[in-house]
Amino acid sequence: MKIAIVGTGYVGLPTGVGLAEFGNDVVCVDKIAAKIEALKNGQLTIYEDGLEELFQKVVKAGKLHFTTSMKEAVSGADVVMLAVGTPPHPVTKEADLQYIYAAAQEVAQYLDGYTVIATKSTVPVGTGDEVEAIIKRTNPSADYDVISLPEFLREGFAVHDFFAPDRIVIGANSERARKVMLELYKPFEGKTKFLLVGRKSSETIKYASNAFLAMKIHYINEMADFCEAAGANISEVACGMGLDSRIGNKFLNPGPGYGGSCFPKDTNAMAQMAKKFGVHLHLIETTIAYNDERKVGMAKRVLSAVNDNPDAKIAVLGLAFKGGTDDCRESPAMDILRELIKCSHNVCVYDPKAMNNAHQLVGDSVSYAADAYEAAKGADILVILTEWEEFRHLDLPKLKEIMKKPQVVDLRNMLCADEMCKNGFDYCCIGLKH
Ligand code: UGA
């Protein structure tokens with residue numbers, strides 16, 4: 001099949017590479033000429049575990065192409081996937097749909113032959129109706145269906161999640177469109193669950209899933225607060241809860257709060273959308289408020305460990321919103337870092353992949369280290385904010401020797417409390433009495 005993908009971000013690019021690997025002819029289109037130029041030259045514009053190799057393979061096989069021309073991408077396409085951003089509106093926090101609507105209008109001009117327009121971006125319920133109307137207005141003779149095809153890829157695991165999804169949800173109101181999509185996703189037949197539902201249900205599934213996962217994180221973070229106060233151990237508690245298959249053992253890792261380009265945006269959008277329908281989503285609203293407070297609370301925890309001394313050197317390990325990605329958007333690490341900078345003028349940071357993105361956000365208000373040890377050298381405290389695997393294997397005797405004070409605040413529970421104690425560290429993690 002010929003597939004056009006509009007938007008070459010963290011969703012569009014891995015999806016394009018995956019569909020090309022299945023033998024489809026994929027064209028990715030983006031308005032940003034510099035991005036397309038880099039991709040044409042064989043340079044990936046995002047970091048995503050395992051994507052590079054596959055990207056080079058499908059490009060070499062002639063299955064994946066890049067263009068800035070919507071006409072070139074859409075002409076003759078069987079399926080057009082919309083994977084553009086739906087960022088939160090700065091004031092209302094609703095999803096900003098201008099990019100989706102602009103893309104729909106442009107796509108409409110070049111449709112020829114029956115085409116399925118699949119919305120991959122996370123969009124409020126009813127957006128499919130509007131996209132359909134825009135296309136009809138722009139090109140009344142076009143033969144098309146608009147469907148919702150929600151994306152469940154996690155950043156950092158996008159390649160894995162593309163090839164081994166928990167489910168494929170197809171929200172289509174037409175049988176013809178469903179048939180095309182089942183044909184496209186045939187390689188997954190017998191390997192994953194397909195859910196064929198109406199378009200509005202599909203749009204809702206995406207928000208309901210992300211909001212539920214955010215609430216699950218909120219819940220385990222609250223339990224961690226409880227454990228700290230009550231003298232229980234959150235790791236043991238999460239393990240005991242997770243053994244119940246109704247609860248499941250995933251997304252029970254306490255941390256500094258959830259972040260990234262999805263959960264904060266989607267929980268806010270869901271809450272706002274519900275208000276428009278006259279529904280109050282109490283659980284989601286509480287989750288949003290607590291998550292914001294939590295990051296400030298975590299920064300206070302670090303600062304009080306150095307007695308709010310502005311001269312104390314704070315070494316920060318991890319800046320990305322989670323391990324495995326260079327993405328710093330809505331990163332709890334960056335929010336905590338901003339709080340630390342307000343008080344301390346001696347913060348040194350290190351992240352294996354996100355240094356450039358972090359620099360764009362906080363500039364030279366911090367110093368940047370080449371590795372964890374350079375950051376820790378002479379530090380009064382070391383703080384772990386992102387769960388990069390390499391932080392699990394720090395050389396503890398070496399760390400103790402180079403730090404001014406052997407003090408570690410581990411907001412991702414990466415290190416073993418007993419081991420830290422044995423090595424002479426003052427160690428504070430989450431959900432364990434300090
Ligand atoms: C999330 C969803 O997991 C994907 O299914 C979805 O497709 C994607 O949003 C999206 O809407 O596009 P992602 O934002 O990449 O994926 O990241 P997650 O792995 O879900 O993590 C989100 C945040 O929750 C991170 O800050 C992470 O550190 C935090 N988290 C996650 C925890 O604090 N504890 C956990 O147990 C799990």
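1. A residue counts as buried when its relative accessible area is under 20%. By that cut-off, F55 and F66 are both buried in this predicted model. Their rings form a tilted aromatic pair, with 6.0 Å between the centres and 45° between the planes. F55 belongs to helix α3 (residues 51–60) and F66 to strand β3 (residues 64–67), so the pair ties together parts that lie 11 residues apart in sequence.

2. A second pair to look at is F162 with F163, which is edge-to-face: 5.0 Å centre to centre and 80° between the planes. The model has 10 aromatic pairs.

3. Two lysines deserve a glance as well. K353 places its charged end over the ring of Y47, 4.6 Å from the ring centre. The charged end of K398 sits over the ring of Y373, at 4.1 Å from its centre.

4. Now to the ligand, which is surrounded by 19 residues, the closest being L153, E155, K206, N210 and R412. By class, this shell holds nine nonpolar, three polar and seven charged residues.

5. The ligand taken alone exposes 710 Å², and the protein buries 93% of that.

6. Which elements give two or more residues to the shell? They are α9 (199–230) and α11 (263–276), and α9 gives the most, with three residues.

Definitions and conventions. Residues numbered from 1 in each chain as written. Predicted model: local features only at pLDDT ≥ 70, side-chain atom pairs only at ≥ 80, totals over all residues. Heavy atoms only, no water. Near = heavy atom within 4 Å. Areas by Shrake-Rupley, 256 points an atom, 1.4 Å probe, with all protein chains shown as cover. Helix = DSSP H or I, 4+ residues; strand = E, 2+ residues; numbered from the N terminus. Nonpolar A, V, L, I, M, F, W, Y, C, P; charged D, E, K, R; others polar. Phe/Tyr/Trp six-rings, centres within 6.5 Å; stacked < 30°, edge-to-face > 60°. Buried < 20%, exposed > 50% of the residue type's maximum accessible area, 1.4 Å probe, protein only. Lys NZ or Arg CZ within 6 Å of the ring centre and 35° of its normal.
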